[in-house]
Amino acid sequence: MIDLKLSSINGHDSRRTIVHVDHVKIGEDFVVIAGPCSVESETQTIVTAQRVKEAGANMLRGGAFKPRTSPYSFQGLGLQGLKILERAKRETGLPVVTEVTDPRDVSWVCEYADVLQIGTRNMQNYSLLKEVGKVDKPVLLKRGMYSTLQEWLNCAEYILAEGNPDVILCERGIRTFETYTRNTLDLNAVPSIKEVSHLPIIVDPSHGTGRLSVIGPMSLAAMAAGADGVIIEVHYNPSEALCDREQAMPPDMFFQLMKKLRLLDTCMKEMNHMNGNLH
Ligand code: PEP
Ligand code: MN
C-alpha cells in the first residue's frame, strides 16, 4: 500500500500500537465494548451499563449524537446524553466510547468521552479527522461502508499526521449486493490490516450483520481472525430501543456470548503460544 507514512508497519518500527484507556490496553488484551446504540434515558443507559459490566465488558458504548440516515429519526440527546454517559461511568467504572460528528464539538465532547468514535458516514470527513487528530483522546475510526482498506488507512493517516498516535480501526461491514444481512462483515480486513499496519483493529458485528442471530457467531469469528476486540450493541430492553432495535442484544444473550468469548480467548492464547514456539 502506498503513502502510509505513519500507519504502515514498515514506516513505523514494526512495533504494534497499544492504546491505553484507563486500565484497558487495546492491542494487547481482547477488548469488549458494549452498550446501547444510543443513549435514550438515564435508566436505559445505566441499567444496560451495569448488565454489560456484570457480564465482563471492558468499556461502555453509547451514542449521544446519532448520524441517522433519515433526518426524521431520533438524533440523540446531545449534551444530556453525554452527562448520562458520565454518570454511567461513575456507577460502573467503565470507560466511555461515544461518537462525535462535528469538528466544532470535538473539544467539549472530550470532557465526557474516553474514546472518540468516528462513524462510517464520517470516515472521510477530513476536517473532523484533523480535529480529532489534535486532541489527546484515542479515536475509534470506523471503516466507511464503501471504502477500501487503503482509503481507510489514509483516513487514519490524517489523524496520525496531526499528532494523535492513538487510533483504533473498526471494521463494521461494507455494502454488497447481499440483502439478508444489513451489511457484509469483511473479516478479511482483520488479518489484512494486521499485515500492513501496526494499528489495533476491532470488529463491530452489530452493524456488520444487523441480525441478532448472526452477531454472536461473527463475534467469535472476529476473535478467531485475530481482532483486538469487538463492539456490540446491547439494550436492557430491546423492544423499547429507539435506534437499531433489530440488532440490539438482550443482556442474557450477551452474558452467554461473553462466556464463549472467554473460552475461545483461552484457546487463541494457547495457539499463539504454540505459533511462538514454532518460530
Ligand atoms: C454506531 O456505532 O453507533 C454507528 C452509528 O455505527 P456506524 O457508523 O458503523 O454505522
Ligand atoms: Mn447502531
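How far does a polar side-chain atom of Gln117 lie from an oxygen atom of ligand 1? The distance is 2.9 Å. The model is predicted, so local features need pLDDT of at least 70 and side-chain atom pairs pLDDT 80 or more, while totals for chains, interfaces and linings use all residues. Residues are numbered from 1 along each chain, chains are lettered from A and ligands numbered from 1 as written, and side-chain values use heavy atoms, without hydrogens and water.

- Cys37, in the loop between β3 (31–35) and α1 (42–55), and Asp244, in the loop between β10 (229–233) and α9 (251–278), are 207 residues apart and link distant parts of the chain; helices are DSSP runs of H or I with at least four residues, strands runs of E with at least two.
- Both Cys37 and Asp244 are buried, that is, under 20% relative accessible area with a 1.4 Å probe and protein chains only.

**Ligand 1**
- Residues around ligand 1 include Arg61, Lys66, Glu99, Arg172 and His207, each with a heavy atom within 4 Å.
- For Lys142, a side-chain N or O atom is 2.8 Å from an oxygen atom of ligand 1.
- Of the 290 Å² of accessible area that ligand 1 has on its own, the protein covers 96% (Shrake-Rupley method, 1.4 Å probe).

Technical notes:
Buried means under 20% relative accessible area, exposed over 50%, partly exposed in between (1.4 Å probe, protein chains only). A polar contact is a pair of N or O atoms within 3.5 Å; within protein, one must be able to donate a hydrogen and the other to accept it, and residues adjacent in sequence count only if both atoms are side-chain atoms.
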